[in-house]
Amino acid sequence: MKLYEYEAADIFAEAGIPVPDRVVVRTADEAIAAAVHLAGPVVVKAQVLAGGRGLAGGVKTAAAPDEARAAAEAILGAPIRGLRVEQVLVSRKMDIAGEFYLGITVDGYAGKPVVVASSAGGVNIEEVAAKTPEKIASFTVDPERGLFAFEARALLKRAGFPSARIGVAADILVRLYRVFVRYEAIIAEINPLAISPDGTFMALDAKLDVDDSAVFRLAKILPKRGVSPDNPLEAKAREIGVSYVDLDGDIGIISSGAGLGMA
C-alpha cells in the first residue's frame, strides 16, 4: 500500500521527524488560503502515487498567494504518469544549504532491513549509486535488536554528513527506522533531507510504502482509505482478481500469481 506524500509526512511528524508546515488542498482557491496561512513562499506539489512528479511539472514554487493559485491551477487535473491530480500539497518553502538522503528498505538476500544514507540527496538514489557510489553508505540491521544511535552516527559519518550535525541526523534516522518497523514497510524514505543555513534539518519529501500483507493488521493506524495502487491498470487488476505488472512501453504482464509472473 503506497501512501501519499502528505499521509507519510503526517506519520513522520507524529514520530518526531521534522517536516515543513503544510496544507492539503483540492482547489485553487484553497491553495490561496493555504499560502496565506503559511505566510511566505510555498511549494505546491501534486499528490499522486507516482514518482517523477517534478520532471512531469507536478512541483512548483510560489512566492505569493496568487502564484500559489496559478501553480495549483496548472497542476490540478493534470496527468502525472497517467494519474489525474486531484489534490496538491502546499508546504512552506525552506532555504536550503544542502540536501541528503535517508532510506530504509528490505534486503531480500539477507532477509533484513537495510538502511541507506547519502550526502547527495534530492535526486534519484539509483542515479547516485551509478555515478558517485562513494557518496552512499548502507548498513544491514538485525531486526531482533533494531537500529542503535551509535550505528546511525557511524553510517552517516561514512555517508559524508556534516560532523557537527550527525547527532541530529542520526536521531532522525532512528525515528525513521521506528516508523519502518511499526508500519511494516517495504520502503521508508526521506529524499531530500534538507539542511538550512542555520543547520536545521527538515524532511522535504516523505515516502512510505506498507507491505500489502500487513495492511489488515494496521487498519487502525493507516489512513482511512482503500488500497490505492500507483497505476489505474493495477486497480482494474485487483477488481478482477489477477496480478498485473506494469512495464515501460506497451507491454504488461497479467498472471494468476507472483511466481508465475516472475516465470
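Predicted model: local features only at pLDDT ≥ 70, side-chain atom pairs only at ≥ 80, totals over all residues.
Author: Residues are numbered from 1 along each chain as its sequence is written, and side-chain values use heavy atoms, with hydrogens and water left out.

Reader: What makes S2 and S3 a pair of strands?

Author: Strands here are DSSP runs of E with at least two residues, and helices are runs of H or I with at least four, numbered from the N terminus. Two strands pair if DSSP finds at least two bridges between them. S2 (residues 42-46) and S3 are joined by 4 bridges and run antiparallel, so they pass that test.

Reader: Which sheet do they belong to, and why do S1 and S3 count as its edges?

Author: They sit in an open sheet of 4 strands, ordered S1-S6-S2-S3 with antiparallel pairing. S1 (22-25) and S3 (59-62) each have a single partner strand, so one side of each has no neighbour in the sheet. From one strand to the next, the twist averages 20°.

Reader: Why are H5 and H6 called oblique?

Author: Axes are lines fitted to C-alpha atoms, for helices over the stretch in contact, and angles run from 0 to 180 degrees between N-to-C directions. H5 (residues 149-159) and H6 (residues 166-182) pack at about 120°, with their axes 8 Å apart. Under 35 degrees would be roughly parallel, over 145 roughly antiparallel, 65 to 115 roughly perpendicular, and the rest is oblique. The pair is therefore oblique.

Reader: Which residues of H5 and H6 make the contact, and how do they divide?

Author: Contact means heavy atoms within 4.5 Å. H5 brings Ala149, Ala152, Arg153, Leu155, Leu156 and Lys157, and H6 brings Ile166, Gly167, Ala169, Ala170, Leu173 and Val174. They split into 9 nonpolar, 1 polar and 2 charged. Nonpolar covers Ala, Val, Leu, Ile, Met, Phe, Trp, Tyr, Cys and Pro; charged covers Asp, Glu, Lys and Arg; the others, Gly among them, are polar.

Reader: How do you know whether Ala39 and Gly51 are exposed or partly exposed?

Author: Buried means under 20% relative accessible area, exposed over 50%, and partly exposed in between (1.4 Å probe, protein chains only). Ala39 comes out at 65%, so it is exposed. Gly51 has 42%, so it is partly exposed. You'll find Gly51 in the loop between S2 and S3, and Ala39 in the loop between H2 (28-38) and S2.

Reader: What makes the phi values of Ala39 and Arg81 worth a look?

Author: Most residues other than glycine have a negative phi. Ala39, though, has a positive phi near 55°, and Arg81 has one of about 50°. Arg81 is in the loop between S4 (79-80) and S5 (83-84).

Reader: Why is S10 described as largely enclosed?

Author: In S10, 9 of the 11 residues are buried, so the rest of the structure largely encloses it. S10 pairs antiparallel with S7 (residues 98-107) over 7 bridges and with S12 (residues 207-210) over 4. Another 3 bridges join S10 to S11 (residues 201-203), also antiparallel. S10 and S11 form a hairpin with 5 residues between them, and Gly199 in the turn has a positive phi of about 90°.

Reader: What kind of peptide bond joins Asn191 and Pro192?

Author: A cis one, with omega about 10°. Pro192 lies in S10 (residues 185-195). For background, most peptide bonds are trans.
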